[in-house]
Amino acid sequence: MYGFEAMTFNIHGGYLEAIVRGHRSGLLTTADYNNLCQCETLDDIKMHLSATEYGPYLQNEPSPLHTTTIVEKCTLKLVDDYKHMLCQATEPLSTFLEYITYGHMIDNVVLIVTGTLHERDVQELLEKCHPLGMFDSIATLAVAQNMRELYRLVLVDTPLAPYFPECITSEDLDDMSIEIMRNTLYKAYLEDFYRFCQKLGGATAEIMSDLLAFEADRRAVNITINSIGTELTRDDRRKLYSNFGLFYPYGHEELAVCEDIDQVRAVMEKYPPYQSIFAKLSYGESQMLDKAFYEEEVKRHCLAFEQQFHYAVFFAYMRLREQEIRNLMWISECVAQNQKSRVHDSVVFIF
Amino acid sequence: MDLLRSEPMQLVQLIIPIESAQRSISYLGDLGLFQFKDLNEDKSPFQQTYASQVKRCGEMSRKLRLFKEQMKKANISPSTWSTRDGSIDLEKLEVKLAELEAELIEINSNNEKLQHTYNELIEYKLVLEKVGEFFSSAQISAATRQRELEVQQPSVEGSIDCPLLMEQETTAYPVKQIKLGFITGLVTREKSIPFERILFRATRGNVFLKQAVVEHHVLDPLSGEKVHKNVFIIFYSGERVKSKINKICDAFGANRYPFSDDLSKQFEMMTEVSERVVELKTTIDVGLLHRSNLLQTIGYKFEQWNLLLQKEKSIYHILNMLNINVTKKCLLAEGWCPVFATSQIQKTLMRATMDCNSQVEAIVQVLQTNELPPTYFCTNIFTSSFQEIIDAYGIAKYQEANPGVYTIITFPFLFAVMFGDWGHGICLLLATLYFIINEKKFYCQKLGDILEMVFGGRYIIMMMALFSIYTGLIYNEFFSIPFELFGQSAYGCRDPTCRDATTIGLVKVRDTYPFGVDPKWHGTRSELPFLNSLKMKMSILLGVSQMNLGIILSYYNAKYFENNINIWHQFVPQIIFLNSLFGYLSLLIIVKWCTGSQADLYHVMIYMFLSPTDDLGENQLFVGQKLLQVILLLLALVSVPWMLLPKPFLLKKQHQERHKSQSYSLIYNVDDPLESKSHGIHKNHQEFDFSEVFVHQLIHTIEFVLGAVSNTASYLRLWALSLAHSELSSVFYDKVLLLTWGYNNIIVLIVGIIVFICATVGVLLVMESLSAFLHALRLHWVEFQNKFYEGDGYKFNPFSFTSLNDEDGL
């Protein structure tokens with residue numbers, strides 16, 4: 001029953017909520033970012049990060065640093081946090097935490113499959129995979145030739161299996177079909193996650209449905225923008241949208257027929273929460289849309305911490321940390337390539 | 001060196017020429033009497049002047065960490081006796097560390113390569129063994145079947161169809177056999193099941209897989225970790241399947257090894273592999289020896305380097321706190337130091353300048369400031385633990401009266417009042433003497449949490465033990481047994497038979513027992529009422545005197561800070577209020593003790609409030625008591641509004657006057673630094689909120705008035721705990737030791753003694769002393785210190801190398 005979580009939540013979830021809130025206070029602040037943006041070399045960045053929670057992970061790295069090392073170590077910290085929480089979690093929180101990683105799993109599957117399609121080395125591809133989305137037989141993905149094999153060989157053992165039936169075709173894999181597969185999987189995943197959160201009920205359902213709806217809407221917009229000018233039919237496009245979110249169902253009809261970015265914009269501006277996103281953008285600008293979405297997402301995730309006794313904080317924390325790592329990657333790349341003027345282009349301040 | 005007031009401090013500005021800066025800071029760190037202020041708080045770490053040096057130190061400590069890790073892996077501990085030649089400096093160290101690291105990494109990578117091939121060979125050998133076994137067993141079984149077939153053949157030869165089929169088979173068989181290839185290798189055991197599953201799925205069951213368990217651990221060539229592995233052999237047909245299987249093997253990290261089904265070749269391979277294994281083994285051993293030699297040499301110097309590096313690092317951190325002058329010729333440092341250390345600091349800086357052959361001397365300049373200086377007490381080994389008790393409550397305000405001085409005596413004494421037993425006291429004393437005598441040894445050791453705490457408080461415990469021996473003698477308790485130490489008891493039986501000793505009682509036959517409680521009281525029916533009355537009254541006397549001490553200290557504070565309002569409108573009414581009620585009670589107790597009167601003190605105290613004009617009757621203790629009571633009551637009544645009202649109004653007036661004078665004359669006369677200080681503090685609150693001040697004073701007054709009653713009652717815990725202690729110890733003595741003694745059985749007696757010792761040590765010595773400690777702590781923190789102690793200062797935290805050694809920097 002909604003409103004009564006406070007009585008029993010702390011029995012199982014109290015410790016982990018405390019942990020995750022502690023982790024959240026370790027996120028870099030605007031002041032940190034300002035300092036990081038002034039760094040001259042990657043060593044400066046390391047030095048600055050040594051005072052943060054990333055310190056222990058970076059301190060044993062020998063001096064000529066690379067961006068990838070920084071990102072790798074920072075991701076390692078996130079993975080360690082996650083594993084620690086997962087170990088401590090009881091049902092249904094542990095399932096909830098596992099759900100968070102499925103998105104990465106989908107990305108990893110797509111990465112490996114596309115990689116093998118372009119005849120990359122499997123080992124090299126594995127290194128690029130997000131460690132949160134790893135599963136045992138992931139490397140075997142390279143063996144598969146078509147969707148059916150992919151499913152039958154590998155994915156049937158993974159948690160992604162239930163999402164798959166919709167996209168089994170025996171045709172050979174190509175870029176287009178992989179992309180469609182990714183979006184179909186993602187759609188099924190989001191819907192499943194959404195249902196799961198609704199089943200949990202209470203504040204978790206309320207906040208998570210908001211966060212997931214935003215995610216679904218963002219994907220819908222991205223699919224629309226990316227599919228403009230491709231051979232994807234309107235009906236197929238329509239099929240890739242998740243069946244919830246603010247756009248569902250009327251917005252989807254309109255998005256499905258969009259032919260250019262301004263039409264998308266017109267659709268979105270009908271929905272008050274998304275009006276603010278476009279307020280800063282001029283017409284015809286799609287590059288900055290990503291950043292605007294990220295900023296909105298970060299804002300929503302930060303707000304999730306304002307309420308207590310629900311699981312959305314875990315989801316929000318993981319997403320915020322990922323955003324932070326993206327920021328760090330961008331900053332380090334800019335520093336490494338001497339493009340410091342562009343540092344602010346894609347950094348999303350979290351606090 | 002006065003413990004009552006903290007050391008006078010001053011804010012000092014040092015101007016250090018840049019060439020001698022490092023050495024000056026290093027010498028100051030050795031001296032350990034200067035607290036640097038961070039003048040670069042707004043700068044981020046990499047913008048600071050010495051950021052690159054800090055980075056270098058970080059890099060070097062990373063190398064040291066690497067060495068430490070490697071040494072740990074190789075089971076070499078860094079030697080504690082480090083040769084301190086001191087000749088090595090940072091630059092040399094950096095070069096040396098880099099060399100050593102490069103060497104170590106090279107050795108390691110070589111070793112790793114060798115180890116890799118070695119592990120591969122071992123695995124290969126395993127494959128050869130296992131698969132060889134498999135093949136030979138398969139051959140044997142095939143041969144037997146062949147024989148069976150041969151045996152069967154003649155019988156079936158007679159039929160018409162069979163030979164045809166057989167012929168077909170024999171013609172088809174060789175063709176298939178050529179296509180049938182096999183792959184051998186090793187896979188980790190956890191992955192073997194999914195491996196098999198995936199193989200089955202990928203080839204639709206068209207492979208034959210056989211696995212054999214390798215019993216002991218195998219070092220994985222890639223990761224170098226010990227894992228359990230299975231040897232497998234896969235038979236397949238077709239090139240596509242082969243490539244698939246190869247891919248799957250890669251995906252599962254299964255190492256494949258070539259194998260030949262020819263027996264002679266197998267044997268050849270086997271011998272070759274074994275030879276190479278032996279060769280490699282010796283090479284690896286030599287490499288390992290070389291490595292451990294290298295690590296050993298590092299281990300000799302490790303501690304020294306580590307210390308040096310930590311020193312350097314802290315020096316650069318301090319240098320980063322300094323302000324680099326515009327001319328970049330000198331550094332500007334600001335910080336606190338005790339006044340007595342000024343000349344020492346000057347000398348130290350001079351020495352640094354001389355040692356650096358610098359042209360310019362460092363300049364020491366005392367600054368005037370309104371800031372509150374840090375609190376610094378020069379404590380020694382004995383007083384420091386007592387001071388820590390006070391600091392745990394709150395660091396004294398700068399130059400405020402320090403309760404630590406009195407705590408040295410009052411704390412152990414109040415503890416002992418609750419823990420009065422000279423037997424237990426001696427036990428405690430012996431335990432703490434052990435720590436004190438072996439002090440030097442314990443200093444070097446790393447102790448556990450609890451032991452560390454006991455060791456840190458060894459002098460407190462010693463004082464507590466001494467005092468509990470003293471109070472134990474007064475209570476006449478030795479594990480609850482009374483002793484006639486100071487002469488004979490004053491009481492005796494009425495007649496020689498002593499029949500009615502327990503019914504009617506004893507009579508006094510001699511002079512009063514000279515010291516403490518008469519031993520004859522023990523075990524009598526009136527023992528408890530007698531001791532209770534004694535201890536209760538004693539607790540009140542102790543409490544009232546300690547609270548008075550606290551109030552008197554507030555007077556000294558007010559006088560020291562020249563705060564007349566606090567003297568006249570806080571100290572005076574407070575002391576009148578407390579003494580007119582509870583001081584009077586104490587007086588009555590003493591008078592009653594001296595005169596032996598039968599007066600009921602409860603009655604006196606209660607009716608002093610309820611009907612002060614009534615006649616006291618038989619409860620009168622001395623002449624004029626009624627008049628005295630009325631006067632005292634009036635004084636108490638007057639002192640309450642006295643405490644409450646004048647102070648806020650006077651403060652308001654003072655503020656207004658100051659404001660007025662400020663508007664007329666801006667020039668301040670600053671001849672007395674302390675006065676200017678107190679003004680300075682007030683100046684910060686430009687806004688004077690009367691209601692806030694008044695409410696504060698109201699709360700303070702209510703707290704004091706109620707506190708006077710409740711705090712006095714709180715001191716009764718002295719009686720309660722002392723009662724509990726003596727009763728517990730007598731229970732253990734009577735019900736365990738004496739009971740078992742009565743059985744006249746040696747085994748029961750031994751058991752009884754063991755139980756008695758355990759109970760005495762566990763309950764009485766450990767738990768009871770802890771609880772008495774906590775209650776004594778509370779009496780000091782709450783009842784005593786709330787009378788005068790502000791405790792809102794901050795501690796003097798000088799830059800010193802001695803504190804570096806304690807913490808593990810790595």
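Confidence is expressed as pLDDT, the predictor's confidence in each residue, from 0 to 100. Chain A averages 84, with 95% of the residues scoring at least 70, and chain B averages 83, with 90% of the residues at that level. Over residues 155-177 of chain B the pLDDT is below 50, and this stretch has 3 contacts (heavy atoms within 4.5 Å) beyond near neighbours in sequence. Residues 668-685 of chain B also have a pLDDT below 50, with 16 contacts beyond near neighbours in sequence. Where pLDDT is low, the predicted coordinates should not be read in detail. For the complex, the predictor gives an ipTM of 0.71 and a pTM of 0.71.

Among the salt bridges is that of Lys77(A) with Asp81(A), whose closest N and O atoms are 2.9 Å apart. Both residues are buried, a term that means under 20% relative accessible area, with exposed over 50% and partly exposed in between (1.4 Å probe, protein chains only). Lys77(A) and Asp81(A) lie 4 residues apart in helix 6 of chain A, about one turn of the helix; helices (H or I, at least four residues) and strands (E, at least two) are DSSP runs, numbered from the N terminus. In helix 17 of chain A, Glu324(A) and Arg321(A) are 3 residues apart, and their side chains meet in a salt bridge of 2.8 Å, N to O. Glu324(A) is buried at a relative accessible area of 0%, and Arg321(A) likewise counts as buried at 0%. Salt bridges that share partners join Glu53(A), Lys77(A), Asp81(A), Arg321(A) and Glu324(A) into one network.

A further salt bridge joins Arg319(A) and Glu215(A) at 2.9 Å, N to O. This pair links distant parts of the chain, with Arg319(A) in helix 17 and Glu215(A) in helix 11 (residues 202-227) of chain A, 104 residues apart. Arg319(A) and Glu215(A) are both buried.

A nonpolar core is a set of buried Ala, Val, Leu, Ile, Met, Phe, Trp, Tyr and Cys residues joined through side-chain atoms within 4.5 Å. The largest contains 112 residues, of which Phe96(A), Phe193(A) and Phe314(A) touch the most other members. Helix 17 (residues 312-336) of chain A supplies the largest share of this core, 13 residues. Apart from this core lies another, of 73 residues, including Met418(B) and Ala776(B).

Helix 4 (residues 42-49) of chain A is largely enclosed by the rest of the structure, because 7 of its 8 residues are buried. The buried residues of helix 4 pack against helices 3, 5, 6 and 17 of chain A together with helix 2 (51-73) of chain B.

Methods. Residues are numbered from 1 along each chain as its sequence is written. Chains are lettered from A and ligands numbered from 1 in the order in which they are written. This is a predicted model: local features need pLDDT of at least 70, side-chain atom pairs count only at pLDDT 80 or more; totals for chains, interfaces and linings use all residues. Side-chain values use heavy atoms; hydrogens and water are left out. A salt bridge is a side-chain nitrogen of Lys or Arg within 4 Å of a carboxyl oxygen of Asp or Glu.
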